[in-house]
Structures are given as C-alpha cells and as structure tokens.
Amino acid sequence: MSKKQEQKQTNEPKEIHLKDYTPPTYLVPKIDLCFELEDENTLVHSRQLVVLNEKAKKSSGKLPAMVLNGEGPKLLKLSINGKRLHQDKGDYTLDERLLTIKKIPGKKFVLEMLVEINPLANKALEGLYKSQTIFCTQNEPEGMRRISYFVDRPDVMGKYTTRIIADKKKFPVLLSNGNEVASVELPGNRHSVTWQDPFPKPGYLFALVAGDLGVIRDTFVTVSGRKIDLRIYCDLGDEKRCYHAMESLKRSMKWDEESFGLEYDLDIYMIVAVSSFNMGAMENKGLNIFNSALVLANPETATDADYESIEAVVAHEYFHNWTGNRVTCRDWFQLTLKEGLTVFRDQEFSSDMGSRSVQRIGDVRTLRTHQFAEDAGPMAHPIRPESYIEINNFYTATVYNKGSEIIRMVETIIGKENFKRGISKYFELYDGRAVTTEDFIHAMELASGHDLTSFKRWYSRAHTPEIEVRYRYEENSERFILETKQLDLKKGMAPLTIPLKVGLISRESGRDLNDQKMPEVLLLDQEKNTFVYNDIKSAVVPSLNRSFSAPVKIFTNYSFDDLMFLMANDADDFNRWDAGQVLASVLLKEMHLQGKRDALPKFQDAFGKILHDSKIDLSFKAYALSLPSVSLVAEELNPYDYDGIFTVREELIYKLSHHFKADFFESYSQMEHKLKMRGGYAIDQQSIGARALKNMCLHYLVASGEQEMMALAYKQFASATNMTDKLSAMVELVQVESEYTQRALHEFAQAWQGDQLVMNKWLMAQASSKLKSTLSKVQALKSHPSFNIMVPNCVRALVRTFTYNVVRFHSIDGKGYEFVSDIVRELDRSNPQMAAGIVSAFNKWKQLDQLRQGLIKKHLLSLAKEKLSKNVFEIVHKAINY
C-alpha cells in the first residue's frame, strides 16, 4: 500500500459493527445541567455522577480511562470531585471528537465541567440550535455530544435535572423534560426555570426549548384518575392551528390505555412546534419537539392528508413514551426495537380512528414505494443492521416500515390477545432498561408459548422476500392444492417463517368458502410448502396474502380474468384494491413491451364496476380508481424504464378520461353536492372520502385535455374554502399547459406568501409537474423568496419532490442529476443529514439503462473526490461500489 493510499484510508470514516458492541465502561445515573442561553456563547454547566459499570469488561490493574463524546463544545473547565483537571498536566486528552480522562480516582465520582457552544452557528440542526428566534434541541441519535461532553450512547441512562437561565423578555418560556420544580427571577431581567425528570433516560431523549411562544392548554384524566396538564407551544399567532393536534393527543392517550393498558406517567405532557427541524418529530420524554408541519392545521391551510398525518405522528410520538422511552435501545443497531414497534402502534391507532382497509392500503403503498426500492439498492439492510458509518442514514423505511410489518407478523402468528400479553410482559421484564430485539421476541415467546426462534431470521435478513405460489383445482378428487416456494434463498440460507393469510373464493358465487376447518393463516416455514384443501366441491380462486399479512412479493399464476374476478369479488378490501393495481400493471407492461391493447376493454369493464359501485367506501373507491405510479411499474422492468411506462400510463389515463367522461363528471358533481349538504369543512371519514373521490374524478377530467375541464379545475381552485380542494385543483393545473395554470399559481402565491408552510405546498406542486419544463422551473424556484435551503421543509418540498418526479429527474439529458449533485454539495456544508437524504436519489442508478448509469456514475465519482460528511460519504461510496 502506498503512503497516499494509506493516508486516504486513514481519513475515511470508520464503519461501526454490531458484533463489536461492548457494554459502557462507566454509567451516569444522575446528571445536573445548567444552561445560560446566549445566541453565540451559551454556557453549559454539567455535573455528572459517574459509577464504574461492573458488567463492563475491565483490564487488570488501575481503573480504565473515561471516554466522553464531544463535537464542537469549547471546554472551559473540568473537575472530578471538586479537583480541577489540567490538560497540560496529563489529566486528560482532547481531540475533535473525544475527551479522555486518564486519572480516575475511584469507582464512583462526580464529574463537573463548563463548556461554551454557539447555537446560532449550528446549521446541522443537531444538538442545541436556533430555529428562527427559538432555542431548541434535537439529540437523537448523537446530538448530546454537540451540547457538552457526554457518554453519548443509548445504554447510558440517567435522571436529569435541568436549570435554564435566559433573558426573560426574549425567552419567557423555558422548557425541559419532566416536571417543573422551580422558577426564579434573576437580576438583569433574567430568569431561570428548573425541570426534573424522575425517570432515567439516555441523552438522546434530553430536550430544551426557550422562546417567546404561544400556547394552548388542555387536560387529560388517566384511567387511574390522575389529571395530566397538556400543552402545545407554537409561534405566537399560530395557537388556533394547534387544536387538531391537541385532540389527536387526547385520543392517543385514551387509545393506549384501552388497547395496551399503558397510562401516562408524568404530570405534564408538552409539544413544541418549530419551523427548522430535520425530522418529523422527536419523542423527548415529556417534551416532544415537532416539525411545525406536523402540528399546525386549519381547513384553509392544511389538507385532509395533513390532518391525518398530524394525528398519526402525534400518536407515534406519544406512544414512544413507553415503546422507546420507558424501554429503549441498547445500541443504535436496535433502532427498530422502538421505531418498528411504534409505527405498528400508530398504524393500528389510525386504523381504529378511521377505515382499517384504507389505512392498510396507504401503509402498503408507502412500503412498496420506498422500502421495496430501498431493499433493491445499495443501502439495503436488515431491520437490525449489522454495520453503519453514520447512524442517521439508517432512519429508513426499512427500520420503520418494514420493522412495523415484522411486528405485525408476530401478532398474526401468536394472535392479538397473546400479543397484548407479550407487550405487558415486555414492560414487566424491561421497564427502565436499554434492551435488544431479542429481548422483545423473548417477551412474546414467554407470553404466548410460541417458539419464535426461526422467525428471528427476519431481523438479520435484507431484501424483499419473493414467494412463488402455484395452485390448481382437482375436480375429480375435490381437492385444491396450493404450493409455495421461497425464491430468493441463496445457498445455505435458511427459509424465513412467513404468515400468509389466504381465502378461497368460489368461482360460482363469488363468496368466500366459510369452512371453519380451513386455516386463515398458512405458515410458510420451508423453502417449499404444500397445502391441500379437501372437500372443495367447485372451482375456487385463492386470495393470497390478505391484508398484506407479510411484506413479500408474490409471483403466482393468476390470469387476467382471475385478477378481474378478485377485483370484483374479494371480501378482503386490501386484496380487492391490490388486484386492480396488478391488473393495471399487467396492462401497462403489455402496452409498453408488446404494444398490445387487447386487454384494455376488460380493464375498462373492471374499472367501470368500481366507479359505479355505490356501496363501497368513498376513500377506498378513490384509491381503487388510481393507477399504480410510474415508479412502481417501471421498477418491475429490467432496466427500469420510467419514460416508457410514463408514456403508456398517460395514454391509459387519457383513454379512461374519455371513456368515462360523463361518469366522472356525474360522480364529481354528486360528491360536490354531498359535501355542500354536510355543511362546512369536516374531517370525518365520509367528508374525507367524498373529497378524495371528487378530486380523483377531477384528475381524470383534466387529463382529457379539454379546455372546459381545465376551467372546472380553476373554478374549484378559485372557489375552494379548504386547502384540500384548492391544492388538488392546483396540482392538476400544473400538469397541463393552460391559461389557468399561471393564474392559479400567481393567486396562490399572492394569498399565502407570508405563510411558509403553505408556500411549501406551492413549491411541491410545481416540482411534481410532469411537464418537460419542470426542471427549469425548479431551478428558478431555488431563487424564489419562499425557498430557503437552510430550512429542511423547503428542501423537502422543492428538491426531494423533484427527485420523486422520476420522469423529469431521470431526464435523458442528465440535467436533473447535475442539479441534484449541486444541491448535495451546497447542503453538505451545513446540514449533512438533509444532504444525505437528497443524494439517496442516486441509489437506483445500477437499475437504469447504460446511458443514465454513466451520467449518474460521473456525478457520484465527482462527489466521492470531495471532502464529504460521514452521512453523504457512506451513501455515495456504497452506491459506487454496489
């Protein structure tokens, strides 16, 4: 190895491996913090009670050194048991990332330090930073090291007492975890507030907020009669937009008591909405910090989807109080322990609050769009990764959404009641501890009596399993035989345990065979399984993987007629919807690859039956009438062909829009009348469904290309009294060249130019346009006053939306790739976490045609030559080496 190569390797970020985990050498059961807040020179005093971890591996002789993490704090003073330590005397060493204390006086001691930090200069939005005029924190996963020197890992848990000192006029509200225990007026118009959290927690759950904030208050009485003080803080003037979030919180608290017997444990629960936030929300104990987009809502500024997202995310963060806070992760490889389980809980909550089948369709669409794609690319990883360079890169659809599906499979295998008992056993065994996924499965085994040893393979298996299913009916023996094979098992790889929900539907009656002897769930536990159903008197069609009981891809011998039959008759709403999606996908691929349109009349017939069915749920109907996305269909081809599928999909939409023009218009008018009869805006399921169906009909009507339909869209835009209808109309108008398009965009911007959250919708709509001019518009919008690259919500709205616009992003001229590469370079200097999210758009490059592969590879290699953050380095290099 040359010296140059050796130097390059030394400078590269190190990969961290699960197999190398060792317990912490020292524990910190008690932490006292004091913050003297200033924009550029905040002082942080810390007093940490440190004890030697008797379970840690120790060398013989003297006590081991204590190593603390720190990135950015300026160390001003350090002492142990009141004795000042000096670097020049060899008491400790200090570098850019570690503080190492060499002289340890005993197995138990008090470590005190004073550091200075600059929150205003912190553009990475990790640790303590300023979001406009508000001080706030984001410490998951490793933000505490940006505040002071800590043993910054999730298995070091302590009880925190936090005192905050600040200018009272600028920062009248001072918040931290736990319960408020003291408030003191200080000289110089300053004041302090002290908070104490009685529950041990890791540093990543520490939070602080200071600002001049508005607040709404409410209370919740727990099942045991305790009265909880509920507060939501926001920018002054936004208070009226917080009430939906408050109602969502109260519903979440009630649901968790009723569903799992989990009662809130502090006297106060607070949510704070901030505008600059890398994530959606953060479950800090008793003090959740939220992206304002997931708190603020009223009918004029938020869509139905916004309302539903707010309810789901408020629930998710509240549910973390137990699944994440009371029991947390031993290490970051176990992230799915809290996130997969909590996503499952919030999905179940949303199902109970609305339509279970519609919720399931939405969840699976998200999984297939994002997680299946992740599984097919260079960042594919198990839900419990084996290694990482930057843990922020593993807050992924795999860890969250696939992790939720694996929890769902556990419930399916052991049953709902056993699962609830397992949750109770989990807290009985591990409350107040940092544990592993194996510990969770152990609790489920104890509570249910099931052996889940083979099921645990899901936790270490990457990629999406593929299952071949073949079936046949033997009329003479009256047997139905179903054979399965796990296709993707490499040599020596053990099969997964897969619960497959199956129903048999009579071809004669179109109804399920209701034989109690038939198992609802088939357990696939071998490479090949055969299931025989006896006494089947007539032909049946199997409904496979009902309710998407397992996160797998099914390959089976369904005919086009079988899919039409399932689309019309399946009693499982999810599978009825899914049959329609597969049917459309088959048709689109035939149109593109073979130039065939023979099946189009049959598809139109099946489509029409859904459109004319007055008995089905309106939201379900809107989903069922939507075609699968360009990316989902194109990514079934090798290589991916976004342009080809886009072209035939546009053709199919155009044909449907003309074939059913009168029906779409009639349905649109009916839904509009229905909504008027219901009065003002409401977020009940009937109203949400009526708006969803109305706007799906508008989508097809505008796609007809007829001027009168564009006028209809503009009329809806101009007269809408709610953001759902206004934005839906504007989104349809930006897909076409029309006199109404620019008028709508101009009027929207004029009306909402002072509201960044709403203007983000304006940015998003334009970035999602299918027109060829989209990239040039996006480039121009980067200089628009409503866009600020330092605000993550703006980046998500404009840049990330553009990367999801696969036809325009992957334009053959390569200009979309150049634009995104430049954005990554600019972002990585200030916010590596956001930059990594954007550069991930290149992860599919190996699945594209040779020309596009060459264009993307050029940009990846160019990026790789630069000084990159760990976040971007990991993704770029894994993509190159994939």
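The largest cavity in this structure holds about 100 Å³ of space. The model you are looking at is predicted, so treat this briefing as a guided walk through a computed structure. We start inside that cavity, move on to strands and a helix, and finish with some individual residues.

**Cavities**

- How many cavities of 30 Å³ or more does a search of the whole structure find? The search finds four.
- The largest cavity is lined by V28, I31, Q48, M144, F150, V151, D152, R153, V156, Y160, P202 and G203.
- Sorted by class, that lining has eight nonpolar residues, two polar ones and two charged ones.

- Strands of a sheet pair through backbone hydrogen bonds, and the pairing is either parallel or antiparallel.
- Here, three strands make an open sheet in the order 4-8-7, and their pairing is antiparallel.
- Strand 4 (66-69) and strand 7 (92-94) stand at the edges with a single partner strand each, so one side of each has no neighbour in the sheet.
- From one strand to the next, the twist averages 15 degrees.
- Strand 7 and strand 8 (residues 98-101) pair over three bridges in the antiparallel sense.
- To find your place in this pair, look for L94, which stands opposite L99 in strand 8.

**Strand 15 and its partners**

- Strand 15 (residues 190-196) is mostly covered, with six of its seven residues buried.
- Which strands pair with strand 15? Strand 12 pairs with strand 15 in the antiparallel sense over seven bridges, and strand 14 (residues 179-186) also pairs with strand 15 in the antiparallel sense over seven bridges.
- Strand 14 and strand 15 form a hairpin, with three residues between them.
- In the turn of that hairpin, G188 has a positive phi of about 75 degrees.

**An enclosed helix**

- Helix 9 (residues 560-569) is largely enclosed by the rest of the structure, because seven of its ten residues are buried.
- The buried residues of helix 9 are F560, D562, L563, M564, F565, L566 and M567.
- What covers these buried residues? The cover includes strand 26 (466-474), strand 28 (498-506) and strand 31 (540-544), as well as helix 10 (573-594) and helix 11 (600-612).

**Backbone details in loops**

- The peptide bond from E140 to P141 is cis, with omega near 0 degrees. P141 lies in the loop between strand 11 (134-138) and strand 12 (157-167).
- Another cis peptide bond joins N638 and P639, where omega is about 0 degrees. You will find P639 in the loop between helix 13 (630-634) and helix 14 (642-659).
- L125 is not a glycine, although its phi is positive, at about 60 degrees. L125 sits in the loop between strand 9 (108-117) and strand 10 (127-131).
- Q132 is not a glycine either, and has a positive phi of about 55 degrees. The place of Q132 is the loop between strand 10 and strand 11.
- Is each of these two residues buried or exposed? L125 is buried, because its relative accessible area of 4% falls under 20%. Q132 is exposed, because its relative accessibility of 58% is over 50%.

- T303 lies in the loop between strand 22 (287-291) and helix 3 (304-319).
- With a relative accessible area of 10%, T303 is buried.
- Leaving aside residues up to four places away in sequence, T303 touches Y681, M723, T724, L727 and K761.
- D88 is in the loop between strand 6 (83-84) and strand 7.
- D88 counts as exposed, at 71% relative accessibility.
- D88 and R796 are 708 residues apart along the chain, and their C-alpha atoms are separated by 47 Å.

How values were computed. Residues numbered from 1 in each chain as written. Predicted model: local features only at pLDDT ≥ 70, side-chain atom pairs only at ≥ 80, totals over all residues. Heavy atoms only, no water. Helix = DSSP H or I, 4+ residues; strand = E, 2+ residues; numbered from the N terminus. Buried < 20%, exposed > 50% of the residue type's maximum accessible area, 1.4 Å probe, protein only. Contact = heavy atoms within 4.5 Å. Pairing = 2+ DSSP bridges. Axes fitted to C-alpha atoms, helices over the stretch in contact; angles between N-to-C directions. 1 Å grid on protein atoms, 1.4 Å probe; cavity = no way out; pocket = protein on both sides within 12 Å on 5 of 7 lines; lining within 4 Å. Points joined across faces, edges and corners; volume = space filled by probe spheres on them. Nonpolar A, V, L, I, M, F, W, Y, C, P; charged D, E, K, R; others polar.
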